[in-house]
Amino acid sequence: MRIEVEQLEGGGKKFAHTYEPEELILDEEHARLTDAPQVQGSASRKGSEVRLRGSVTARAEVDCDRCLKAVSVPIETEFDVSLIPASEYLEQQTAELHEHDLLLSVYEGDSIDVDEIVREQILLALPARALCGEECKGLCPVCGNDRNTNACACENKETDPRWAALKDLRF
């Protein structure tokens, strides 16, 4: 979905879009979209600066960090993004970065690609650590068996090499 900057002259414009299943690709190997993402918000323009505000709702599937089973994660996030033309940003660029510069993004041409902003917001909303359950036992490091479903007889006698010198110490 693209928003034409010229159409924002003289006021704001509301937008809403529901993405088709393959319209938005996350390019993340451990996360997949399971429900169609929805975005709604408003766009306004002040001079050459465009401000987009809105919310994104979706559902994703991520891998459990311990056993690699799929975990369903609801995503509900809000965004507030200010954009300026790339040419104007390059003219303003100085050696020192100010706090206001950290809040700006750039766009090229006469339109803004909302799809990239939605994709970015979904990736930022994904949990840093996902577990299928707090009691998840994970995978056996020796045989790779899922410890939640089958107990294995593997013994993990791996010793930390930093303590190996103390192994033969007797009292």
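1. Helices (at least four residues) and strands (at least two) are DSSP runs, numbered from the N terminus. With that in hand, start with the overall layout. The model is predicted. Its chain holds three helices and seven strands. Along the sequence they follow the pattern β-β-β-β-β-α-α-β-β-α.

2. Next, the chain as a whole. It has 171 residues, and 30% of them are buried. Its accessible surface comes to about 11,900 Å². Carbon and sulfur atoms account for 47% of that surface. Now look at contacts with a separation of 6 or more: 61% of them link residues 24 or more positions apart.

3. Now the inside. The largest nonpolar core has 33 residues. Six residues have the most contacts inside this core: Phe15, Leu52, Phe79, Ile112, Val118 and Ile122. Strand E3 (31-46), strand E4 (49-63), strand E5 (70-85) and helix H3 each supply at least two residues of the core.

4. Take Val118 from that list. Which residues does Val118 touch, not counting those up to four places away in sequence? The partners are Tyr19, Leu24, Val39 and Val56. Find each of them in the structure above.

5. Ser111 sits in strand E7, which covers residues 111-113. Is Ser111 buried or exposed? Its relative accessibility is 11%. Buried means under 20%, so Ser111 counts as buried. Leaving out residues up to four places away in sequence, Ser111 touches Arg2, Ile3, Glu4 and Val5. With one of these, Arg2, there is a polar contact between side chains, at 2.9 Å.

6. Now the surface. Which residues form a nonpolar patch there? They are Trp163, Leu166, Leu169 and Phe171. Together they have about 580 Å² of accessible area. Leu166 lies in the segment after helix H3, which spans 114-125. The relative accessibility of Leu166 is 46%. Partly exposed covers the range between the buried limit of 20% and the exposed limit of 50%, so Leu166 counts as partly exposed.

7. Last, check Leu68 in the backbone. Leu68 has a positive phi of about 70°, although it is not a glycine. Where is Leu68 placed? Leu68 is in the loop between E4 and E5. Leu68 itself has a relative accessible area of 53%. Exposed means over 50%, so Leu68 is exposed.

Technical notes: Residues numbered from 1 in each chain as written. Predicted model: local features only at pLDDT ≥ 70, side-chain atom pairs only at ≥ 80, totals over all residues. Heavy atoms only, no water. Buried < 20%, exposed > 50% of the residue type's maximum accessible area, 1.4 Å probe, protein only. Polar contact = N/O pair within 3.5 Å; in protein donor to acceptor, adjacent residues only side chain to side chain. Contact = heavy atoms within 4.5 Å. Patch = residues over 30% accessible without salt bridge, like charges linked within 9 Å, V, L, I, M, F, W, Y side chains within 5 Å. Areas by Shrake-Rupley, 256 points an atom, 1.4 Å probe, with all protein chains shown as cover. Salt bridge = Lys/Arg side-chain N within 4 Å of Asp/Glu carboxyl O. Core = buried A, V, L, I, M, F, W, Y, C linked by side-chain atoms within 4.5 Å.
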